[in-house]
Amino acid sequence: MRRKNSGATILRDLLISGYPITHELLDTFPGRQAAVHLRQLLVHVAVLPERDEHVAGLERWLQNYLTTVAAGHRSTLHPYAQWVVLRRVRHQAHTRGNTTSSIKYARAQVSLAHGFLDWVEGQQLCLATVRQADLDQWLAAGASTRGNLRDFLRWARRCRLIGGLRVPWRPDGEPANFLDEDERLSLLHRCVHDSVLPLDVRAAGALTLLYGIPATHIAQLTHQDIQVREGGQYIQLGKHPVVLPPALARLINQQMEKSAPRSLVGRVSGDTGWIFPGALAGRPINGPKLSGRLLRHGIDVRASRNTALMALASDLPAPILSEMLGIHINTAVEWVGLVKRDWAAYLAARSEGDDLRRPRAGE
């Protein structure tokens, strides 16, 4: 018996209706997980064209959200949302890809700009008459996330809607979650050798603990990212392939051999392109879901990443770290700088301790 809300039921109803099956038609089933699975199944078998669902979801959200905005504010908010926020998300879809977090941030940017426009109106002002003191008052009265209004103000300044308003930069907080180095090595040893752990957890955990790769990146790895040459095995993370230690290479090979698609259509088609396949046909596992699996087996992704990056930054210069892992050069510089500062503080503290222990002349 078919479930009332199953993908098969939805597909049957659509076929009976006689309407052509399109992405737009499936969009009329918001929040239906069965429709999500049906869409990806139809994409996987080439009935529907490939579509970036992060971008499509933001487009739908913007369309609905802007209808709730007063006409006076909409004339300002719509071009910012369309030509800055949405354009950035579309560009990112073709470069490093979007995540659930990046889409939430994009929505928050639009909502924040809307809130500021409402506040300006409540102060009986307009954008052109807002002074720096007014902006500082608004910033001080709310959470630190109000500092993200900087993006909207930059666009408004280019469009000559405001004067020279500036949001002061606040220094980013330094990484706080770390593992003890012995704990990291112990977890890495467990991932490589503990056969009780699920294979995907062992492989993903080892990559996190050794290279500090984000779970969202690990989830996107394909068989093509693993290369065999010159008697060694390599993984493509950044611009240049990185050699895999033999034990980790064997673990990745086992995961690739057993990375059978979890969807019915994927199993029939033999689709094995993803090293960590997900429940949707032809799609990898979701990054946050992979993080959750690791955490349930005792591997804190954030702490593991931070500790791995700290270890790598202590041995590699920033340009090599950036190219090897595919992280931004500024991020690599910050990690190397953090390591050097902590190391200098350790040496200074040790030197001070030696001075205190050193006997004075005449003692």
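Student: How are α1 and α3 oriented to each other?

Tutor: Happy to start there, keeping in mind that this is a predicted model. The axes of helix α1 (residues 7-17) and helix α3 (residues 33-44) come within 8 Å and cross at roughly 75°. Angles of 65 to 115 degrees count as roughly perpendicular. The two helices, α1 and α3, are therefore roughly perpendicular.

Student: Which class do five residues of the contact of α1 with α3 belong to?

Tutor: On the α1 side, the contact is made by Gly7, Ile10 and Leu11, and α3 brings Ala34, Ala35 and Leu38. Gly counts as polar. By class, the contact of α1 with α3 has no charged residues and one polar residue, while the other class, with five, is nonpolar.

Student: What about α10 and α14: how is α10 placed relative to α14?

Tutor: Let's take the axes again. Helix α10 (residues 199-211) and helix α14 (residues 287-296) have axes that come within 10 Å and cross at roughly 95°. That makes α10, relative to α14, roughly perpendicular.

Student: How many charged residues are in the contact of α10 with α14?

Tutor: Good one to work through by name. From α10 come Asp200, Val201, Ala204, Gly205 and Thr208, and from α14 come Leu290, Arg293 and Leu294. Asp and Arg count as charged. Alongside four nonpolar and two polar residues, the number of charged residues in this contact is two.

Student: Which residue with a positive phi follows α16?

Tutor: Helix α16 spans residues 318-325, and its buried residues are Ala318, Leu321, Ser322, Met324 and Leu325. After α16 comes a residue with a phi near 75°, and that residue is Gly326.

Student: Is Cys191 buried or exposed?

Tutor: Cys126 has 38% relative accessibility, so Cys126 counts as partly exposed. The cut-off for buried is under 20%. At 1% relative accessibility, Cys191 therefore counts as buried.

Student: How many disulfides does a search of the whole structure find?

Tutor: A pair of cysteine sulfur atoms has to lie within 2.5 Å to count. With the whole structure searched, the number of disulfides found is zero.

Student: Stepping back to the protein overall, what percentage of its contacts with a separation of 6 or more comes from residues 24 or more positions apart?

Tutor: Here is some background to begin with. The protein has 17 helices and three strands, and 41% of its 363 residues count as buried. Among contacts with a separation of 6 or more, the share from residues 24 or more positions apart is 58%.

Key: Residues are numbered from 1 along each chain as its sequence is written. This is a predicted model: local features need pLDDT of at least 70, side-chain atom pairs count only at pLDDT 80 or more; totals for chains, interfaces and linings use all residues. Side-chain values use heavy atoms; hydrogens and water are left out. Buried means under 20% relative accessible area, exposed over 50%, partly exposed in between (1.4 Å probe, protein chains only). Helices (H or I, at least four residues) and strands (E, at least two) are DSSP runs, numbered from the N terminus. Contact means heavy atoms within 4.5 Å. Axes are lines fitted to C-alpha atoms, for helices over the stretch in contact, and angles run from 0 to 180 degrees between N-to-C directions. Angles under 35 degrees count as roughly parallel, over 145 as roughly antiparallel, 65 to 115 as roughly perpendicular and the rest as oblique.
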